[in-house]
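Me: I would like to go through some labels and the criteria behind them. Please set each value against its definition.

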Amino acid sequence: MRLLVTGASGQLGAYLLRELDRTDWQVTAWSGKHGSAPSQPVNLTDRDAVTTAFRAARPEVVLHAAALSSVAECQRDPERAERVNVAGTRCLAELAAATQARLLLVSTDLVFDGRKGNYTEADAPAPLSVYGRTKQAAEQAVLATPGSLVARLSLLFGPSLIGRAGFFDQQVQALRAGQPLTLFDDERRTPLDYPTAARALMALAAASCTGLLHVGGGERLSRVEMGRRVARTLSVDPGCIVAQSRLAAPAPEPRPADTSLDTSRFRSLFPELRMPSFDEALRQLLGA
Ligand SMILES: NC(=O)c1ccc[n+]([C@@H]2O[C@H](COP(=O)([O-])OP(=O)(O)OC[C@H]3O[C@@H](n4cnc5c(N)ncnc54)[C@H](OP(=O)(O)O)[C@@H]3O)[C@@H](O)[C@H]2O)c1
């Protein structure tokens, strides 16, 4: 299978490349400005560059993981968020439609407003952030493309493989150093570890299901609970974790309370895919 993966230089992209390395698929990997071989830089906002590189790759499947993924950055620069997340995705969707390539978009639980929790694919998105709104618009462009699939992932966690610390690395570092760590006790997600997310996306890339699918971990956890579990796995005192309400933290955009995902459709379609519990994934990732 000829697979094109975008966002290969990102946190998730690095885990995807590691998994893809174990297959005999013919992989073309695109990055943004941080890429290095084996990925090639292709700026999604440059339509001509995308078209030329797409035609050279002749993908049968496109796993579209690239995005302006920082909620804060999207809020600061909504035009750029629109160009990368929406226009970039539309361009890929048009190219995929014209060549009958199967397009798989990596989307997010942050398309929901968090009032309900345990969201199914039938629930209506109502994003609270620029990031969520651009991802929802990208979803619409992809879902209008025949044979395509949108996989909404929950919060992803795991050590960075790309030398740029994410929230997980920062938490682990703070906990190991016994530094105070303030985490929300009223923001809930269904966290999923990067290796499992990468394997799930590869299973989806190889399958023929279409439409919308929710892919997340099996437990609905607050940020504080996640932090305490990380501390326990590291055998450090969780006493340095301070619980705070997200409502007490000033932010330019409201943070959704509970964007946990109901993943029963995904689990019934892929019963053979092992989905480790949060604690099990932590033990594997932290070598505990
Ligand atoms: N992390 C999470 O918790 C989470 C949860 C749910 C869904 N998601 C989705 O998962 C995907 C990957 O997220 P991530 O955490 O791996 O994000 P990330 O680390 O920020 O990676 C984003 C990727 O997109 C690329 N990119 C950004 N702007 C680009 C542009 N103009 N042209 C080409 N490539 C561009 C980046 O390239 P450079 O770095 O080389 O510029 C990078 O490879 C995103 O679609 C995100 O919405 C993430």
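Reply: A crossing is left-handed if the near helix is turned anticlockwise from the far one by less than a right angle, and right-handed if clockwise. H6 passes H8 in a right-handed crossing. This is a predicted model, where local features need pLDDT of at least 70, side-chain atom pairs count only at pLDDT 80 or more, and totals for chains, interfaces and linings use all residues. Residues are numbered from 1 along each chain as its sequence is written.

Me: Why is H6 called oblique to H8?
Reply: Helix H6 (residues 167-176) and helix H8 (residues 223-234) pack at about 55°, with axes 10 Å apart. Axes are lines fitted to C-alpha atoms, for helices over the stretch in contact, and angles run from 0 to 180 degrees between N-to-C directions. Under 35 degrees counts as roughly parallel, over 145 as roughly antiparallel, 65 to 115 as roughly perpendicular, and the rest as oblique. H6 is therefore oblique to H8.

Me: What makes the contact between H6 and H8?
Reply: Gln171, Val172, Leu175 and Arg176 of H6 meet Gly227, Val230, Ala231 and Leu234 of H8; contact requires C-beta atoms, placed from the backbone, within 7 Å. These residues divide into 5 nonpolar, 2 polar and 1 charged.

Me: How do you know that S4 pairs with S5?
Reply: Pairing needs at least two DSSP bridges, and 4 bridges join strand S4 (residues 61-64) to strand S5 (residues 102-108), which run parallel.

Me: What makes S3 and S11 edge strands?
Reply: In the open sheet of 7 strands, the order is S3-S2-S1-S4-S5-S6-S11. Strand S3 (39-41) and strand S11 (211-215) each have a single partner strand, so one side of each lacks a neighbour in the sheet.

Note on methods: Helices (H or I, at least four residues) and strands (E, at least two) are DSSP runs, numbered from the N terminus. Two residues are in contact if their C-beta atoms, placed from the backbone, lie within 7 Å. Ala, Val, Leu, Ile, Met, Phe, Trp, Tyr, Cys and Pro count as nonpolar, Asp, Glu, Lys and Arg as charged, and the others, Gly among them, as polar.
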